[in-house]
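This report is meant for a reader who meets the structure for the first time. Please look at the sequence and the model below, and then follow the text from one element to the next.

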There are 2 protein chains.
Amino acid sequence: MKAHRSCSLIGILICLTAVLLALPASAEEGMWTFDNPPAGQLQEKYGFTITQQWLDHVRLSSVRFNDGGSGSFVSPRGLVLTNHHVALGQLQKVSTPEKDYATDGFYARSAAEEMKCPDLELNILESMEDMTRRVQDTVKRGMKDKDALAARKAEIANIEKESLDSTGLRSEVVTLYAGGEYWLYRYKKYVDVRLVFAPEQQAAFFGGDLDNFTYPRYDLDMALFRVYENDKPVESRNFLKLNPRGAQEGELVFVSGNPGSTERLSTLKEIEVQRDVIIPDIIKLIRRRLDVLKRYAEEGKEQARQAASQTYGLENSLKVYLGEYEGLLNKNLIAKKQKEETGFRAKITANPESARKYGKAWDEIAAAQQKLVARYKESRYRSLRASRLASLALSIVQYVAEINKPDGKREDGYHDSQLESLRFQLFSPAPVYPQMEIRLLENSLQEAMDELGSGDPFVKSALNGRTPAEAAKQVIEGTRLDDPAFRKELVDGGQAAVNASTDPAIVFARSVDPAVREIRKWFEDNVESIMTSAGEKIGQARFAVYGKSTYPDATFTLRLGHGTVRGYAMNGTEAPPKTTFYGLYDRSIGFGGKFPFQLPSRYVDRRDKVNLSTPLNFVCTCDTTGGSSGSPVISKEGEFVGVIFDGNIESLVGNYVYNEENNRSVAVHAGAMIEALRNLYDAADLANEMTNYE
Amino acid sequence: MKAHRSCSLIGILICLTAVLLALPASAEEGMWTFDNPPAGQLQEKYGFTITQQWLDHVRLSSVRFNDGGSGSFVSPRGLVLTNHHVALGQLQKVSTPEKDYATDGFYARSAAEEMKCPDLELNILESMEDMTRRVQDTVKRGMKDKDALAARKAEIANIEKESLDSTGLRSEVVTLYAGGEYWLYRYKKYVDVRLVFAPEQQAAFFGGDLDNFTYPRYDLDMALFRVYENDKPVESRNFLKLNPRGAQEGELVFVSGNPGSTERLSTLKEIEVQRDVIIPDIIKLIRRRLDVLKRYAEEGKEQARQAASQTYGLENSLKVYLGEYEGLLNKNLIAKKQKEETGFRAKITANPESARKYGKAWDEIAAAQQKLVARYKESRYRSLRASRLASLALSIVQYVAEINKPDGKREDGYHDSQLESLRFQLFSPAPVYPQMEIRLLENSLQEAMDELGSGDPFVKSALNGRTPAEAAKQVIEGTRLDDPAFRKELVDGGQAAVNASTDPAIVFARSVDPAVREIRKWFEDNVESIMTSAGEKIGQARFAVYGKSTYPDATFTLRLGHGTVRGYAMNGTEAPPKTTFYGLYDRSIGFGGKFPFQLPSRYVDRRDKVNLSTPLNFVCTCDTTGGSSGSPVISKEGEFVGVIFDGNIESLVGNYVYNEENNRSVAVHAGAMIEALRNLYDAADLANEMTNYE
């Protein structure tokens, strides 16, 4: 499944290291920005003229799920369709020990039953403005990399603040082509989002972790929300009309969504560091955390329920990283990257002027990567991310300190333009599971001790003479941060209130804050600033050599992909373009109905009511990655024909290189949704809302 | 599909080169001879005591299809079940331009409608007798390899002749463990075999060449024959009772059949010659012949019908060789083989006595392989095998010459004990397609010219100044050999009649005969004799080191395999232990019903009559290879639970090494046969015959 996996696990530090290599994209590759769609290719290959009107309609129908996914409006009354697995976090948060909507599904038979999500923010990309000159011009000749980075950051904060003040819209400057371009994206933001429908997890995620990232598949991985404003459904003028016939084999289709991150344009040195240092370490970290959660889940049904959503996310990430790692061990892939980089650099050095301007960038990046490796462990393990309460505590401690600084000097995440969304998360009423928190925090501290040694300042101050188990127990059992009102009280009380607090989680966060800041500052000065400067150079070099014929690496911002519905060679034969409900029953019975291939009871009871030849899933060549989950698949007529929910196993290496031969996105077919709503879920009203528009 | 692919394409010359390397088999590996089943393993791992009675019952229920496949008795009235693709050659031979039973299927609704096959011989292994001492003792100390080979061959001919004379049974001495053992196998032989039932090829071979050698699968690859004697169905006292419930996941099952050939015990040098010389050449040869047949088939429906069976066989072989070749390029496999061989040789050289006796065998084989490579092309391309008429002509020319020699000095294939079966083939009334023959012979001659040059004696005498096209046309159009009576007349007329014949095919065969004999003789003296002597040494060395804890390479003789019904890891997930009729419909619709995924019309019309949850195919870990097609899968109660028809793509490298992790045999489930006979084919009487035994 293509859940957006980057930010919680890789962390901001590592996300920033992706820098541009770049050859012109060909064929059906590419996650294009909406200002630069591959119009020529579409015209030439498919005779399709992409108009501004078409682009605007698709963009304004597309929805970003801020906790990591995509979706789209599918009715004029604010109905938003995404994946069950994108909705999973919210499904868990609205569940209770008595009612497990994540597992059993949910259906609101009336507006009154629609259930408000505690902390779900949806964004619509309202406008895009090129700010490249403004950001790049703040860097003056002869500036040190460190000062240049500060100048850029300050200017970006200015742009965002100005935009917020003048429009009231969520405003973000997006770094594209590793600094080759900077764009201001403005979002319409919705925070009253209500759950309307979700199937049983066993229908959405049939085949479980085993079938995840594979195809052929048989998953009804969908969920429906409704967006409210002023306690009324929004009038969503821009929405995608659902076509239950879906798209045919060979048909041109588009995907509009928010791919999270890719490393397509990274230099070979960065890829080698990923392969040799970062990914093996992340795999170890995920396995360790999964062990903790699995042991916890074994203690009882309620514990299993609490651990389910995070376990799902970690298993998903593990399969991604294992797939990427496998890909990086492939010598052909590395050789291909090497060849691309050598070719690009040769073009740069062939011209004395460009050689002077850009030629050293690769060596600078290599040097910065060496530095990164030297303190990689601290950047990874000085972290409280695993425990929600501990990480809330640290956010509060940093929040009250950062907002006292001028906007341009604050740490990322605390700029004025970001505060509203941040407060929405800080004060979320979503439930907290203290016993699970204790296990996760204990593991996190033990892990930090194992990896950094007990002499590390972070470890020393976090433990303060206690064992990891004692520290975790004291912090979690003693804190009142599970109460959103208490969090608000602290934030509103500002620096003074936080400094005076004796809440053990706040005390704990205050004590580790300096060590966390130290490594972040070191990283900024020694890695990020150099990567940014060198990245900008390579970005410019690329434009100089190739023009704007390529697309930037993914940045969890809106992108357009295109391709065709098409099977592929696999397992000595071919995978079909689509699957049907027949296949769902085949695979379940083939495994004797055992986990993870059991069917929800309604699928057994109502089998004869379903038209089994209805297409269930399909594959297309559109280029997607984690974060694309929930993206609508769109016909050239602008209709909704399916929803992306996964990629095949061959797509995992797509983080580094796209291969049209066998890289496929996997989608739920629009026809399956209507068939299931009508004949399995007795939800004809929803099917009607998506197909009959009065 | 696991059609026996060795003899027509690889040729006898190459078959002989497989020589023993050998480590003790473990786990579920092994194609064991019935005199040496892995009783200890079965007892230990499964608590199953294999009795002589059980073994005898299974052996006498098992049937060898002499044109390359396996089968079993499934009723007390002589009903034999095998695969559609094993029956394919006969289905084609009983078809006419008006009635294409190969494509459309066949069902005899009464005994009168059962259709006699023109040249199908079935064999039942009646007895086995160890002749190792007798054969090995003919070789006297100090004999040259060449003379030793002649002595062995003479003794083998003697044994076979004696046995035939005393029992009337087909008698064959089988070389096992590359000469480590020699066994006399006696067969009860049936030549009145009548076709009873075959489904449409599109049901038997759904997914075609694409899905061939893959899994999950959805093929009803079955056919039924009835064995007659004296114009009455034989009373088959030994038969397997069909259990429509089949075998469950994890259940112990057996496979009894005739695997064709493997190279598991070959030395590394032999494997390298396969990889670097022989297999790439065979792939080229098959592709060339397939091109000829495809062009011919494009000329019309009748041409397509004529070419179908041979095309199927060649595509099947091509997929096998490509899979094997792929496997041989895998460095891990070669490293594993290297390690095994090094370990074995170290054990031999550690002891001065065994070092002296066996130590040089590997180098001798390596030298013989070098020689083989030197004249490989001639051994491959001095051949008329592609054209049935040309090869009949050569067989007749050689037959009348060979039978004038003492039995022990004749070429293989012309010993007294083999003559009856040979004459059955020589005088077969099966139809001949002259236009197709011309194309195949022309290609064969052109290919010989391309590969050997126009100066080669074979090419020179075959063409005799003509172009390949002219020669082929003159030979095929002018010959009367399409008439079985004419063939009989010539054979009965003996050497004089053949020498006097002016039939252009006979003239042609007489002219190429010396060059064919020359390379065969050279091969015997320079390769086979050395391989046989050295092979015997390694075989004995192996017994000295490992005892009789392994099984010999496959020799198209009866073997017993065992294993469990079990899925396996593939495509990033798992393949299920079984599939169902649901999956058949899923895969067909998934491809839009396009070739090779269209369904026969009865499957569409009668869909609602079929219990779609009936298991259709399943996989087990039993070790099989080409020739195992049609082998019954047998429960420990001795019941028929399925029929082997294929291996998965991962099994192709099984020619060299068995990997229990993912090597799987693919079988049709017994339940699917009964369900289909009853509800798709209105053949309840056959279903009853196989399930109710009065």
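Strand S17(B) is largely enclosed by the rest of the structure, because six of its six residues are buried. A residue is called buried if 20 or more other C-beta atoms lie within 10 Å of its own, exposed if 12 or fewer do, and partly exposed in between, with the C-beta atoms placed from the backbone. Helices (H or I, at least four residues) and strands (E, at least two) are DSSP runs, numbered from the N terminus.

The model is a predicted one, in which local features need pLDDT of at least 70 and side-chain atom pairs count only at pLDDT 80 or more, while totals for chains, interfaces and linings use all residues. Residues are numbered from 1 along each chain as its sequence is written, and chains are lettered from A and ligands numbered from 1 in the order in which they are written.

**The sheets**

S17(B), residues 615-620, belongs to an open sheet of chain B, in which seven antiparallel strands follow the order S13-S12-S18-S19-S20-S17-S16. The edge strands of this sheet are S13 (559-564) and S16 of chain B, each of which pairs on one side only; two strands are said to pair if DSSP finds at least two bridges between them. Neighbouring strands are turned against each other by 30° on average, direction ignored, where the axes are lines fitted to C-alpha atoms, for helices over the stretch in contact, and angles between N-to-C directions run from 0 to 180 degrees. Strands of a sheet pair through backbone hydrogen bonds, either parallel or antiparallel.

In chain A, seven strands form an open sheet in the order S13-S12-S18-S19-S20-S17-S16, again with antiparallel pairing. Its edge strands are S13 (559-564) and S16 (578-580) of chain A, each pairing on one side only, and the twist from one strand to the next averages 30°. The table sets out the strand pairs for which a bridge count is given.

| Strand pair | Sense | Bridges |
|---|---|---|
| S16(B) and S17(B) | antiparallel | two |
| S17(B) and S20(B) | antiparallel | four |
| S12(A) and S18(A) | antiparallel | three |

**The helices**

Helix H14 (residues 361-374) of chain A has 14 residues, which at 1.5 Å a residue should span 20 Å, and its end C-alpha atoms are 20 Å apart, which agrees; the expected span is 1.5 Å times one less than the number of residues. The buried residues of H14(A) are A:Ala361, A:Trp362, A:Ile365, A:Ala368, A:Gln369 and A:Leu372. They cover an arc of only 120° around the axis and therefore lie on the same side of H14(A), the arc being that of the directions from the helix axis to the C-beta atoms. On the other side of H14(A), A:Asp363, A:Gln370 and A:Ala374 are exposed. The buried residues pack against several helices of chain A, among them H10 (268-297) and H22 (504-546).

H7(B) is followed by B:Gly168, whose phi is positive, near 75°.

The axes of helices H25 (residues 670-679) and H26 (residues 684-691) of chain B come within 7 Å and cross at roughly 145°. The contact is made by B:Ile674, B:Leu677 and B:Arg678 of H25(B) with B:Ala684, B:Leu686, B:Ala687 and B:Thr691 of H26(B), where two residues are in contact if their C-beta atoms, placed from the backbone, lie within 7 Å.

**Where the chains meet**

Between the two chains, 27 residues of chain B are in contact with 27 residues of chain A. On the side of chain B that touches chain A, the elements that give two or more residues are helix H9 (208-211), strand S15 (573-575), strand S16 (578-580) and helix H23 (581-590) of chain B. The largest share of that side, seven residues, comes from H23(B).
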